[in-house]
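Student: Could we go through the aromatic contacts and the pockets of this model together?

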Amino acid sequence: MIRKGAVFAGAIFVSGGWLCGVANAAESRIIEPESGAWLGLYYGAGSVAQTSAKLGRAPRIHLTYYSWADDWTGNTTQADLAAGRIPLVNWEPSKVEFAKIADGSQDTIIRARANGAKELGKKFFLDFAAEMNGDEAWSGNNAPLYIAAYRHIHDLFVAAGATNVVWAWCPNVTDINGGNRNTMDYYPGDAYVDWTGVDGYNWGTRNGGWQSFEQVFQNIYPLLAAKKKPILIGEMASSPGGGDKAKWIDQVIPTLRQKFPRIKGVVWFDINKEEDWRISSSPESEAAFIRMMNDPYFNP
């Protein structure tokens, strides 16, 4: 799904003073926090400035979406880095087949992005063809072709010296036919992935009914954790339908601590789309999100 939204950057005024980005905490070469986890957003329900003013601060990760030919190294990514946010660039292979990427036909575009990425000079996440195992159905859910395309892109970036790119691999929480029988067939290999990841949602009254945060991710987590890399939830949210969304949010941090310690980044999909995924779908939901984001666990 190609999702785009307006973005703004820079200092903003909130109650009590100016909010000027996010301070850098100690982190590893692959921007893994030493403790806790990063919190991030896709800003579909408001700009960075508007949402930060409402919540009181800006979460650390900013998720954005780009089509294959888009230049994602420009103003938005640069503004995120300047403000202390970590960009999570979701690069979608729209209107291009994996075979054309793997055979070199798209190398002009790839090298241009690699050179632009290097020039950014700071670390950021790159997530190519997210949900490749799910109903995005990029190139017909062909795992070998996906791996070939992913590795080809990675190798060209390395050759260009774009060592500031942190490679995230984010399948859907279930495969195209349900379950996780084929999920790891799409894994490009330890040498090509810095963070494993997953996109998953509580769909409320649809797609199997209400699931807790733990239930959404409990089946795929062991598969990802076995790689012994930090795990990024590249997209997540809860529908308000069929249960208590505020309670769902309140369960996130206790579940991360007790059940999912390798999850080191969580990105909320803040938009009214297939369901009302918004943080502010109700006053109770918004209050729960603010409690969560101000917990020390999400402020490493």
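Predicted model: local features only at pLDDT ≥ 70, side-chain atom pairs only at ≥ 80, totals over all residues.

Student: How many aromatic pairs does a search of the whole structure find?

Tutor: The search finds 30 aromatic pairs. Rings of Phe, Tyr and Trp (its six-membered ring) pair if their centres lie within 6.5 Å; planes under 30 degrees apart count as stacked, over 60 as edge-to-face and the rest as tilted.

Student: Why is the pair W68 and W91 called stacked?

Tutor: The ring centres of W68 and W91 are 4.5 Å apart and the planes are at 10°, so this pair is stacked.

Student: Which parts does that pair tie together?

Tutor: W68 lies in the loop between β4 (61-66) and α2 (75-82), while W91 is in strand β5 (residues 86-91), so the pair ties together parts that are 23 residues apart in sequence. Helices (H or I, at least four residues) and strands (E, at least two) are DSSP runs, numbered from the N terminus.

Student: W68 and W91: buried or exposed?

Tutor: Both W68 and W91 are buried. Buried means under 20% relative accessible area, exposed over 50%, partly exposed in between (1.4 Å probe, protein chains only).

Student: And what about F128 and Y146?

Tutor: F128 and Y146 also form a stacked pair, with 6.1 Å centre to centre and 5° between the planes. F128 lies in strand β6 (residues 124-128) and Y146 in helix α5 (residues 143-159), so parts 18 residues apart in sequence are tied together. F128 and Y146 are both buried. One aromatic cluster includes W68, W91, F128 and Y146.

Student: Changing topic, how much space lies in the largest pocket?

Tutor: The largest pocket holds about 540 Å³ of space. On a 1 Å grid over the protein atoms alone, a pocket is an open set of points where a 1.4 Å probe fits, with protein on both sides within 12 Å along at least five of seven lines; lining residues have an atom within 4 Å of a point. A volume is the space filled by probe spheres set on the points.

Student: Which residues are closest to its centre?

Tutor: Of the 28 residues that line the largest pocket, N172, V173, T174, W203 and N207 are the closest to its centre. β8 gives the most to this lining, with three residues.

Methods. Residues numbered from 1 in each chain as written. Heavy atoms only, no water.
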